[in-house]
Amino acid sequence: IKQYHPGVVVIMMGANDDTPLAAPGGQVVSPETKGWDRVYSQRIAFLMDEVIASGAHVLWVGLPPLQDANVNSAFALHVNGLVRLQVAAHPGATYVPSWGVLAGPGGRFVEYKTIGGTVQQIRYSDGIHLAPAGWDLLANSLLHPMEQAWHVNLHA
């Protein structure tokens, strides 16, 4: 942020965060506990605070459906909920869901989607990560929300 002075910082993270966290004071908190939610929310807020304090906007992209046995869609939805709460408390931050863009029928994880008449791999078989076509699909879906949030034309 200090080197490049961006106007917008796009953040999408959390799919690998289903792990214990160190809380202030050295206590370790486990996922699916109120303590974990509190520490994780503080970390989300810290990132937003840093970006907004620099004069940039935050565009936080929600997690898509996941298929991994340990880190699953229920976890993704939980993290998305924590992020939404922090976005609501941070003017200058905007939340954009990725679920509809990257999900298949019924809102489920899919590895392939038809894009422009061609079946393309949008997710890797690990059930978490995006393939290049998935990143392109997601990036294109972010233009309109950014234009709406900050009244700019990114298609010029």
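This is a predicted model: local features need pLDDT of at least 70, side-chain atom pairs count only at pLDDT 80 or more; totals for chains, interfaces and linings use all residues.
**Stop 1: a helix pair**

Select residues 34-53, which form helix 1, and residues 73-88, which form helix 2. The two pack at an angle of about 50°, and their axes lie 9 Å apart. That angle makes helix 1 oblique to helix 2. The crossing of the two helices is right-handed.

Now show the side chains at the contact. On helix 1, pick Trp36, Asp37, Tyr40, Ser41, Ile44, Ala45 and Met48. On helix 2, pick Phe75, His78, Val79, Leu82, Val83, Gln86 and Val87. Colour the contact by class: ten residues are nonpolar, three are polar and one is charged.

**Stop 2: His57**

Next, centre on His57. Its place is in strand 4, residues 57-61.

Display the neighbours of His57. Leaving out residues up to four places away in sequence, His57 touches Gly7, Val8, Val9, Val51, Gly92 and Trp150. Then turn to Pro91, which is 34 residues from His57 along the chain. The C-alpha atoms of His57 and Pro91 are separated by 8.8 Å.

**Stop 3**

Finally, select strand 6 (residues 112-115) and strand 7 (residues 118-121). The strands run antiparallel, joined by four bridges. Find Ile115: its bridge partner in strand 7 is Thr118.

Methods:
Residues are numbered from 1 along each chain as its sequence is written. Side-chain values use heavy atoms; hydrogens and water are left out. Axes are lines fitted to C-alpha atoms, for helices over the stretch in contact, and angles run from 0 to 180 degrees between N-to-C directions. Angles under 35 degrees count as roughly parallel, over 145 as roughly antiparallel, 65 to 115 as roughly perpendicular and the rest as oblique. A crossing is left-handed if the near helix is turned anticlockwise from the far one by less than a right angle, and right-handed if clockwise. Contact means heavy atoms within 4.5 Å. Ala, Val, Leu, Ile, Met, Phe, Trp, Tyr, Cys and Pro count as nonpolar, Asp, Glu, Lys and Arg as charged, and the others, Gly among them, as polar. Two strands pair if DSSP finds at least two bridges between them.
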